[in-house]
Amino acid sequence: IATSSPVRTSTAPSSFRRTAVCTMHRLITLLYCLSASAFLAPLQRCHRARRAITQKAANGAEDLNALKVADLKVLLKERGLKVSGKKQELIDRLEEHAAAEAPKPPPAPTPRVTPGNVPDAQLAETIVDLLVTEILEARRSNTTINPDTLASKREALLARGGTALEEVATRRLAAAPHDTELAGAVALVRGFQRAEFQLRSRDAMREILRAATLGSAQLDDCFEKLSKEGRLDGPFARYVEELEQQQKAKPGDGLLDRVLVIVRDRVKAEGGASKELRVLARALRCSDEDETREFLSKEFSISLDFAARFEAYVEAAAAFADGAEDGGGASLQGIGRVREVVGELRRAMPV
């Protein structure tokens, strides 16, 4: 009996195919990597070259001279500039562009008007006249007016209630009544002056309200400070009137209403009263003799002539109060205290 053995199938061809496929995949991956590296290498070299050129350009003109024309053109293309011309022209073009793109320093802050930097009437008028001329020339040449031009003349425009501008405007408009460019220049300066007065008056009112919440002594000191700075002037009085009109049209704030009345009366006193009356009113508000002596000593140290005038003024005020109140009353007692302090200080002064 013949027996047949099982048929064995060879696995060699199948294993060979798998090995061949894996090898092919590896070759394809290697070729892809080599192709990508060959493609990216020039780009990387170009990027490194541009970075080196830019770093050299940032170091100054000496490095720009060291660059080649091709490198300079690369920098010009990156900045959107023309690339034609000789090497020096390319360098000049890059330097001009760098200067135009350089950050500009911020403008200097405008100083506040104080007794030490307020120009006198003649100087303020001269400054404002030059400002109007500068604005007029800019309008006629159709050039942009730099805001710093106006801001730099702020002190002269605000000094003494803005009278310098009115003097200049009246004189120049009378000499050229049909010059529309001049009228426009004057109107522009007036608009700037009006806005600055509004801001200054608003700041002064904030200071007054803040002082009013602290007490009467602080409020008096605040008024004294504003008066010395020349900020209780006509524009401030008009600002207070506008605030009063606004308060009448709506439910008022009690503190603001009271302060507005005080401010209005104080501004009127500043405008119409003499210095002697203002100093006497302030001295009467002093709490005791020591405070009165300290206050009057400061006032007398400014001028000996004022000390003599104030002594005579206090004597006349004391005589008037004595006759009006028949020898009694708080007003006479206060004036008597001021008169004693004034006499003491005057006797200690040199003849």
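## Cores and salt bridges in a predicted model

Leu 158 sits in helix α7, residues 154-158. Helices are DSSP runs of H or I with at least four residues, numbered from the N terminus. This is a predicted model: local features need pLDDT of at least 70, side-chain atom pairs count only at pLDDT 80 or more, and totals for chains, interfaces and linings use all residues. Residues are numbered from 1 along each chain as its sequence is written, and side-chain values use heavy atoms, with hydrogens and water left out.

Is Leu 158 buried or exposed? Leu 158 is buried, with a relative accessible area of 2%. Buried means under 20% relative accessible area, exposed means over 50%, and partly exposed lies in between (1.4 Å probe, protein chains only). The C-alpha atoms of Leu 158 and Arg 200 are 9.3 Å apart, while 42 residues separate the two along the chain.

**Nonpolar cores**

A nonpolar core is a set of buried Ala, Val, Leu, Ile, Met, Phe, Trp, Tyr and Cys residues joined through side-chain atoms within 4.5 Å. In soluble globular proteins, nonpolar side chains tend to be buried together.

The largest nonpolar core has 20 residues. Leu 296, Phe 300, Phe 310, Val 314, Val 338 and Val 342 touch the most other members. Four helices, α13, α14 (289-302), α15 (304-325) and α16 (330-348), each supply at least two residues of this core. The largest share, seven residues, comes from α15.

What does Val 314 contact, leaving aside its neighbours within four places in sequence? Val 314 is in contact (heavy atoms within 4.5 Å) with Leu 280, Ile 335, Val 338, Arg 339 and Val 342. A second, separate core holds 18 residues, including Val 128, Ile 135, Leu 136 and Leu 150.

Helix α13 spans residues 275-284. Its Glu 276, Val 279, Leu 280, Arg 282 and Ala 283 are buried. They cover an arc of only 165° around the axis, so they lie on the same side of α13. The arc is that of the directions from the helix axis to the C-beta atoms.

**Aromatic rings**

The whole structure has four aromatic pairs. Rings of Phe, Tyr and Trp (its six-membered ring) pair if their centres lie within 6.5 Å. Phe 300, Phe 306 and Phe 310 form one aromatic cluster.

**Salt bridges**

How many salt bridges does the structure hold? It holds 16. A salt bridge is a side-chain nitrogen of Lys or Arg within 4 Å of a carboxyl oxygen of Asp or Glu. The table lists three of these bridges.

| Salt bridge | N to O distance |
|---|---|
| Arg 79 and Glu 78 | 3.9 Å |
| Arg 171 and Glu 125 | 4.0 Å |
| Lys 225 and Glu 207 | 3.1 Å |

Arg 79 is partly exposed, at 32% relative accessibility. Glu 78 is partly exposed at 39%.

The side chains of Arg 171 and Glu 125 also meet in a salt bridge. This pair links distant parts of the chain: Arg 171 in helix α8 (residues 163-175) and Glu 125 in helix α5 (residues 121-140), 46 residues apart. Arg 171 is partly exposed at 41% relative accessibility, and Glu 125 is partly exposed at 23%.

Lys 225 pairs with Glu 207 in a salt bridge. Lys 225 lies in helix α10 (residues 216-228) and Glu 207 in helix α9 (residues 180-212), so the pair ties together parts 18 residues apart in sequence. Lys 225 is partly exposed at 37% relative accessibility, whereas Glu 207 is buried at 18%. Elsewhere, salt bridges that share partners join Glu 125, Asp 129, Arg 171 and Arg 172 into one network.

How values were computed
Rings of Phe, Tyr and Trp (its six-membered ring) pair if their centres lie within 6.5 Å; planes under 30 degrees apart count as stacked, over 60 as edge-to-face and the rest as tilted.
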